[in-house]
Amino acid sequence: MSCCAPGIEAANELAEKGQSKIDNESLIAGSIDLKDGRRQLELAVPDVHCAACMRSIESELSKLEPVELGRVNLSTKRVKVIWRTQTDFAPTELVNAVNRAGYRAMLLEAEDENAKDKTFSQLVRALAVAGFAAMNIMLFSISIWSGADASTRDLFHWISALIAIPAVAFAGQHFFRSAFASLKVGRLNMDVPISLAVILALGLSVFETANSGEHAYFDASVTLLFFLLIGRTLDHLMRERARSAVRNLASLAPRGALQRLDDGRHSFIKLKQIGVGMRLDIAAGERIPVDGFVVQGNGEIDLSLVTGESAPEPVSKGHLLLAGATNLSGMITMQVTKPAHESFLARMVSMMEAAEGSRAGYKRIADRAAEIYAPVVHLLALATFLGWGLYNGDWHHALVTAIAVLIITCPCALALAVPIVHVVAAGRLFERGMMMRDGAALERLAKIDYAAFDKTGTLSQGKPEFVSQTEGGTPELEMAVRLARLSHHPFSKALAQAHKSITVIDFDQVDELPGQGIEARLGGDVWRLGRAAFCAAQDEGDEGLSRVYLAKNGVPVGVFEFEDQLRPEVPAMIERLRAQVKGISLLSGDRKAPVQLVAKQLGLNQVQWGLTPQEKLDQLTALEKAHNRVLMVGDGINDAPSLRAAYVSMAPSSAADVGRNAADFVLTRDRLDQIPFALTLAKRAANAVKQNFGLAIAYNMVAIPLAIMGFATPLVASIAMSTSSVLVTLNALRLRIDAKERKVQIPLSTNQKVMPAE
């Protein structure tokens, strides 16, 4: 069952719009050779809308014998295909299969990134037109219901027709195109009975008006569209908010790099053309394009993409470099070990896409209900039409009754049951400092029973703070602060920020050595501020704290300690969360001691440290295999695959762009204390959705028999349909009337021990 396809279009008509022509050569060029007799290709399918769309495309692809995998990703609106190349198989058959399912397929380079915005704009315009027309037609209908004479009634009917016909033609396009495309490929979807009801009600109204009939149903057809468009617009908005995470992560890769040639000259080379063994020069501030290792130069690398930790790491000859990291200081020359499509950044993108593909398999309540709707409604309307026609021979009455059945069973309440609850809940969450990106995530959040947190930037503030001076006195502190003001290193900034009152002095000479520290001359003395080895010191401090050293003429004279402080609201939030889940894990890429320190402060027993993005993903997979539904809370780029793969995910406002876009919920305030409230509200929203479906079912159980028996005209059916929509809306609004957080008893400990903190 296809639900939203615009119709079968020849793929190459895209070429007429200035986009790439799709042929075997272009498809081969855009695919990846998997080196084992198989190729992998991704195509954009911008018209997919729901689980039914996915099944239609995947079903057609599975009919092709060489195809081993055909998987549609609903959020990214792409289809990935893997096929065997040993056969005489033309890749254009893949495009033809997608077309046969009723959808467009195009090369990724021809994908229209603004398509979602255009669709949303079209829905909003259609909603505005339908609402305006419904209000005006209703005014004329009220006059007719009040007892207008025949000539006045006919005049008002014709005026209503002049408003309704263009309004329906414009506002109903979204449903009409979808219904036509579905019928064209021999399938039924929800939009077929909707379109049929609207068109028949409008056509019958025009017929009645032309024959001076007493009843016309222009208000029914336009009001029907208005309520349906509300649900469709809200649902579209919620779904489309989840699409940008993978694109944002992929955009971190630079367009190319400067290749160092054998004669010492440089040549800019595109990312896809970078090959193994090439040497690239990476200047300060540039991002590493592919994986490799340093062959010349020294510097500091921002590895937040890899580990999530903000502290820079020094690199020199022989150090490994991963795509996506940033060179913070000094020119370095690297040798490439992997091409772009096999780099660390590419693997991150693949992990996110794979996670989103598995998440797309989650079937929303509305999708499950919609599967049985279309055939049942058609059968009921057809049976009503034939039954009355054969019973009394009055086919006009039979048609009016069948239209009433179509209208009264139109899924306005069903279409609004979920989106209206999600929107009300989203508004309540926003008031409390949380933004919901995906309506389906609210349903998942109500079911979570386990929580996992990143440390740096999530539970902690993500930036070092000066804690204490363990060696040296006031003169040494003042000198260290004066040196720190000359550096952009995070520890230097923290030291200078903590001692703003210390006066500035002019040094005779200042040099900053990337990855080591800062050196300054004053008179005959040489001062150094930086790492232990740079200052001829031995680091014997608590590993839970970071240390910076001060040396004078090669002799250590000062030691300064820094700590990434916990967010002040975190301890109370963790205690409240313990009452709602059966376990809480701390998953961090940081060193062992800082992680254990945080775990001790929060009383967490399930702790893991030094995790790469893949290892975090593996930990989440292990938790899910143990029958847990996991809430993941993280902030960094390295957390993005885990955020995407988790059953449901959240990110604080301070998170990286990719982390925020990968998460289902984003905290708009820099606090985490609303997480327990969100869990409570999600459970209440889930109950409201079930109640709405109960109301919709009860309405249909009463209304459908009355319509079939002829007791409801299309106008009465329209009023009944609107009433059911109002009921589910009022029920959803109870989330605002009674959205107070319930108090819970917090047990001393409910954590299950997985890996004890030492």
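Helices (H or I, at least four residues) and strands (E, at least two) are DSSP runs, numbered from the N terminus. This is a predicted model, in which local features need pLDDT of at least 70, side-chain atom pairs count only at pLDDT 80 or more, and totals for chains, interfaces and linings use all residues. Residues are numbered from 1 along each chain as its sequence is written, and side-chain values use heavy atoms, with hydrogens and water left out.

Me: Which residue follows helix 7, with a positive phi?
Reply: The phi there is near 55°. The residue that follows helix 7 is S212.

Me: How far apart are the end C-alpha atoms of helix 7?
Reply: Helix 7 (residues 191-210) has 20 residues. The expected span is 1.5 Å times one less than the number of residues, so it should be 28 Å. The model agrees: the end C-alpha atoms are 28 Å apart.

Me: Is helix 13 roughly parallel or antiparallel to helix 25?
Reply: Helix 13 (residues 395-408) and helix 25 (residues 675-708) pack at about 170°, their axes 9 Å apart. Axes are lines fitted to C-alpha atoms, for helices over the stretch in contact (heavy atoms within 4.5 Å), and angles run from 0 to 180 degrees between N-to-C directions. Angles under 35 degrees count as roughly parallel, over 145 as roughly antiparallel, 65 to 115 as roughly perpendicular and the rest as oblique. Helix 13 is therefore roughly antiparallel to helix 25.

Me: What is the bridge partner of L631 in strand 25?
Reply: Strand 24 (residues 630-633) and strand 25 (residues 648-651) pair in the parallel sense over 3 bridges. The partner of L631 is V648.

How values were computed
Pairing = 2+ DSSP bridges.
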